[in-house]
Amino acid sequence: MSIKRFKLSTVATIMVSAMSFPTLADAPVLQEQQLKQLSAFKLEEKSATNNRYIIKFKSEKTAEKRVFNDFIAMNFLFTAGAEPLFSLNGQQAMVAELDEYSLETLRGLSSIESIEIDPKRFLLDATKSDGVISPYAQSTPYGINMVQGHLLSQNNTSARKVCVIDTGYNLGHPDLPYGNVTGIANNNAVGRWNNDGNGHGTHVAGTIAAENNSQGVVGVYPGVDLHIVKIFNDNGQWTHASNLINAIQQCKDAGSHVVNMSLGGGNYSSSENTAMQNFVNGGMMLVAAAGNDGNSSKSYPASYNSVISVASVTSSESRSSFSQYNDQVEVAGPGSNVNSTYPTNTYRSLSGTSMASPHVAGVAALVWSHHTQCTNQEIRAAINATAKDKGAAGRDNYYGHGIAQAKSASDYLSANGCQGGGDPGNPGDVKPVNGSLPNLQGNQNGWTHYTWNIPQGVKEMNLAITGGTGDADLYVRYNAQPDANNYTCRPWKNGNEEQCSFTNPNAGTWHISLYGYNNYNGVTLNYSYK
């Protein structure tokens, strides 16, 4: 396997006129109290309009790196005539409403890295049936057995915590956890987290955590610690990618390990993609529904590489007709006619990839609870390696690696350790590749592009630049050439010591690019997979 040079091009430097604003680090700052008074009414959650944007500020690549400051950023936005809404914590970005003037003004500032529309994210509506479920005797939904939840018990409900980002939670439902549940409303417009006037969130939570008692149903990981983030109101009103980013941050702040997102939308967002990757790099596991359109279109956040995209199957383990299929589908779970908890203190049968996703989130938390020494990506790899193969042999676009299997994944880790062993879907494993491209050089603002074809079954992929002089920046992107605003990984560090690592990377073409932050010379690009 070799890596080949693909294209060399340059990007013109954007010239900033004498009337441009100063850099972020040197911007004048209003007194904090003044700024709070000035912006208090603007920081409340507002009705969404068509001109809502995510504005990402550049990192300060200096010897004395400065910390991103919300108040400085807000000062920029106010000065440009924008209407700030809130900060994206940890993402060096703000969300604001912009008109044409403020949009063009911000685009001309050297401290702005990117400006993009804040795309809508929707509750993935599920079809409903009235199925009669007795509250006086417990039955096991077919999906629990299908994912082997019944074969892997766990009495320690605090070994992992699962976050459910949805329509809220029927707190007090006799078949749902109560004392070990926390929650928050993502914004003021959605209402209390512990009230679910829609039902979708309570149904999802039941599939994950319904108690193993004498009534109703049982979940994949009965009684597991939950954190609820209510991001949709009781009507299931759509939200934005920026709200979802903040919701995952709220999950993280509450100590959650696994996040379930039975939601999505059709528009890719570079800011959302980067945020998801950052959360996974920080140790979280993100699980999302593949979508209910029954076609090959991609739904986000499920279709980001960092997120486990879950397709739906029926009780006979065949693909659900509504389940979306594409090269991002990773695993499958039961999603047709799933019985679970419902407001108020009742039960209902629902269908959708929204129902499949919590099965996999529950499996991830359950398996991880038995192997807490393993990383999020090692648990993910074990679930993929032991999934029950369906459809075409090996991974396919309809079922991914297959139906998630809790007991098989746990046994696999017990037998092979966190690093795992051979992939059952790839007999003989993948032949390791290790190579380098030395003595690379480039000019300031210039791009050098490469492509690399990755086979099916690769467990780990690593790309790194090292040595030499000057300052080169490493960009990596799957299936498309990266640029300043679109990438899967970009370390963005001073000098030439940068690395991008991936667990279970997608098979296909990966694009690797070097950008000259300054002139660079004698840099080595190392690449490997196994």
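In this predicted model, Asn445 sits in the loop between β19 (433-442) and β20 (446-454), where helices (H or I, at least four residues) and strands (E, at least two) are DSSP runs numbered from the N terminus. Asn445 has a positive phi of about 70° although it is not a glycine, and it is buried, with a relative accessible area of 14% (buried means under 20% relative accessible area, exposed over 50%, partly exposed in between, with a 1.4 Å probe and protein chains only). Residues are numbered from 1 along each chain as its sequence is written, and side-chain values use heavy atoms, with hydrogens and water left out. Local features need pLDDT of at least 70 and side-chain atom pairs count only at pLDDT 80 or more, whereas totals for chains, interfaces and linings use all residues.

**Backbone geometry**

- Most residues other than glycine have a negative phi, and most peptide bonds are trans.
- Glu317, a residue other than glycine, has a positive phi near 70°; Glu317 lies in the loop between β15 and β16 (329-334) and is buried, at a relative accessible area of 17%.
- Tyr300 and Pro301 are joined by a cis peptide bond with omega of about 25°, and Pro301 belongs to the loop between β14 (285-289) and β15 (307-313).
- A cis peptide bond also runs from Pro343 to Thr344, with omega near -20°, and Thr344 is placed in the loop between β17 (338-342) and β18 (346-351).

**The second largest pocket**

- The second largest pocket holds about 670 Å³ of space; on a 1 Å grid over the protein atoms alone, a pocket is an open set of points where a 1.4 Å probe fits, with protein on both sides within 12 Å along at least five of seven lines, and lining residues have an atom within 4 Å of a point.
- Grid points are joined across faces, edges and corners, and the volume is the space filled by probe spheres set on the points.
- Its lining comprises 28 residues, and Thr274, Asn278, Arg490, Pro491 and Trp492 lie nearest the centre of the pocket.
- At least two lining residues come from each of β3 (83-88), α7 (270-281) and β23 (498-503), and β23 gives the most, with five residues.

**Around Asn69**

- Asn69 is in the loop between β2 (52-57) and α2 (70-79) and counts as partly exposed, at 30% relative accessibility.
- The C-alpha atoms of Asn69 and Ala93 are separated by 9.9 Å, and these residues are 24 residues apart along the chain.
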